Amino acid sequence: MQVMSQSLRGTICTLAGAVLWGCSGACGQYVFTNYGVDSGWLTAVRMLGAGIVLTLFILIKQPGKAAGIWKVKGDALQVVIFAVFGLLFCQYSYLTAISYSNAGTATVLQYLGPVLIMVLVCAFSRRFPTLRETAAVILAVLGTFFLATHGNPANMILTKQGLAWGLISAVSLACYTMLPAKIIPRWGSLVVTGYGMLIGGVVLAAFLNMRRLFVPLDAKGWLAVGGVVILGTLVAYTLYLQGVGDIGPVKASMLASVEPVAATFLSVFWLGSSFELMDLAGFACIMATVFLLTQHRDGKEHEAGSSSR
């Protein structure tokens with residue numbers, strides 16, 4: 001009963017976090033389109049804002065864990081690595097991809113990440129991909145081709161920057177999903193997320209001239225930024241990482257595939273983005289890879305996938 005309860009909680013947390021990520025992408029597209037905000041500035045604000053709030057919370061509510069994680073050298077190093085190569089890498093690449101395309105396309109391209117995760121699982125398990133996994137790779141390549149060229153290799157529909165940052169964001173999603181899997185069960189998602197956000201935000205801000213990049217915003221602009229920082233970061237990442245801790249990174253990364261649906265829906269009905277038939281075909285191919293990869297043939301394969309993260 002306890003396992004089922006934990007599994008249900010993990011599923012709900014993962015789905016809720018993914019929907020909020022989709023909302024965050026749409027809010028990011030809104031400020032990029034209407035105010036010309038720099039993606040680096042928005043990423044730094046996003047991480048610092050959420051990081052400060054979460055860190056203060058865990059220092060008050062979980063002082064033992066907040067201090068204890070830094071006393072275990074290996075875990076402390078993992079938090080720093082996760083902050084830079086997981087959270088920072090993931091958020092910056094994703095928001096930059098949105099700035100060069102739109103929330104729906106950038107989010108779908110990011111969900112090539114599960115295919116990369118599958119490839120790593122196969123490599124760590126020292127086995128060849130199954131027929132199902134091979135089909136997923138083919139569909140992923142085909143979907144990216146449709147999005148980038150609309151089926152005509154002579155034309156580049158998606159900008160080179162949009163495609164490049166979309167593919168980079170897929171790599172970042174794989175890193176983000178895999179890096180914290182071992183430390184979340186020991187310290188909790190709040191501690192890992194809070195420190196990760198704060199460290200990543202400080203590192204990025206140190207490399208940016210935040211004052212030079214700042215763009216004056218009106219009330220609607222700050223409301224959208226608040227949607228990115230609070231809903232799409234503070235709440236979404238905490239929920240998702242709790243899901244990773246409860247049900248494992250493999251299943252969590254697959255359930256999170258509801259995010260592109262939310263991002264695309266808001267991109268169309270709120271922001272007025274338009275998609276052609278070939279775009280939708282590309283979306284369908286990439287999302288089909290997610291559903292193909294959710295089917296684990298046996299417990300041993302699932303265990304290998306989880307431990308590799």
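Which helix does D246 lie in? D246 lies in helix α12; helices are DSSP runs of H or I with at least four residues, and strands are E runs of at least two, numbered from the N terminus.

## Model and confidence

This is a predicted model, in which local features need pLDDT of at least 70, side-chain atom pairs count only at pLDDT 80 or more, and totals for chains, interfaces and linings use all residues. Residues are numbered from 1 along each chain as its sequence is written, and side-chain values use heavy atoms, with hydrogens and water left out.

The protein has a mean pLDDT of 85, and 93% of its residues reach 70 or more; pLDDT is the predictor's confidence in each residue, on a scale from 0 to 100. Over residues 296-309 the pLDDT stays under 50. For that stretch the model has 23 contacts beyond four places in sequence, a contact being heavy atoms within 4.5 Å.

## D246 and its partner R9

D246 counts as buried, at 11% relative accessibility. The term buried stands for under 20% relative accessible area, exposed for over 50%, and partly exposed for values in between, with a 1.4 Å probe and protein chains only. Not counting residues up to four places away in sequence, D246 touches Q6, R9 and G10. The C-alpha atoms of D246 and T14 are separated by 9.5 Å, although the two residues are 232 residues apart along the chain.

One of these contacts is also a salt bridge: the closest N and O atoms of R9 and D246 are 2.7 Å apart. A salt bridge is a side-chain nitrogen of Lys or Arg within 4 Å of a carboxyl oxygen of Asp or Glu. R9 lies in helix α1 (residues 2-35) and D246 in helix α12, so the pair ties together parts that are 237 residues apart in sequence. R9 is partly exposed, with a relative accessible area of 42%.

## The other salt bridges

The structure holds three salt bridges. Side chains of opposite charge can pair when their charged atoms come close. In the pair D75 and R186, the closest N and O atoms are 2.9 Å apart. This pair links distant parts of the chain, with D75 in helix α4 and R186 in helix α9 (residues 184-187), 111 residues apart. D75 is buried at a relative accessible area of 6%, whereas R186 is partly exposed at 46%.

E133 and R127 also meet through their side chains in a salt bridge, at 2.9 Å from N to O. E133 is buried, with a relative accessible area of 6%. R127 counts as partly exposed, at 26% relative accessibility.

## Nonpolar cores

The largest nonpolar core has 55 residues, and those with the most contacts inside it are W21, L87, Y111, Y176, Y195, Y237 and Y240. Such a core is a set of buried Ala, Val, Leu, Ile, Met, Phe, Trp, Tyr and Cys residues joined through side-chain atoms within 4.5 Å. Helix α12 (residues 219-247) gives the largest share of this core, seven residues. A second, separate core of 19 residues includes V31, L95, L213 and V225.

Y176 is in contact with W21, F82, G86, L87, C90, Y237, Y240 and L241, leaving aside its neighbours within four places in sequence.

T96 lies in helix α4 (residues 73-100) and counts as buried at 3% relative accessibility. Apart from its neighbours within four places in sequence, T96 is in contact with S39 and W165.

S273 lies in the loop between α14 (258-269) and α15 (277-293). S273 is buried, with a relative accessible area of 15%. Leaving aside neighbours within four places in sequence, S273 is in contact with Q29, N102, S267 and V268. Between the C-alpha atoms of S273 and L217 there are 22 Å, the two being 56 residues apart along the chain.

## A nonpolar surface patch

I52, L56, L59 and I60 form a nonpolar patch on the surface, with about 410 Å² of accessible area together. Patches are made of residues with over 30% relative accessible area and no salt bridge; like charges are joined within 9 Å, and nonpolar side chains (Val, Leu, Ile, Met, Phe, Trp, Tyr) within 5 Å. Accessible areas come from the Shrake-Rupley method with a 1.4 Å probe, and for residues only the protein chains shown count as cover.
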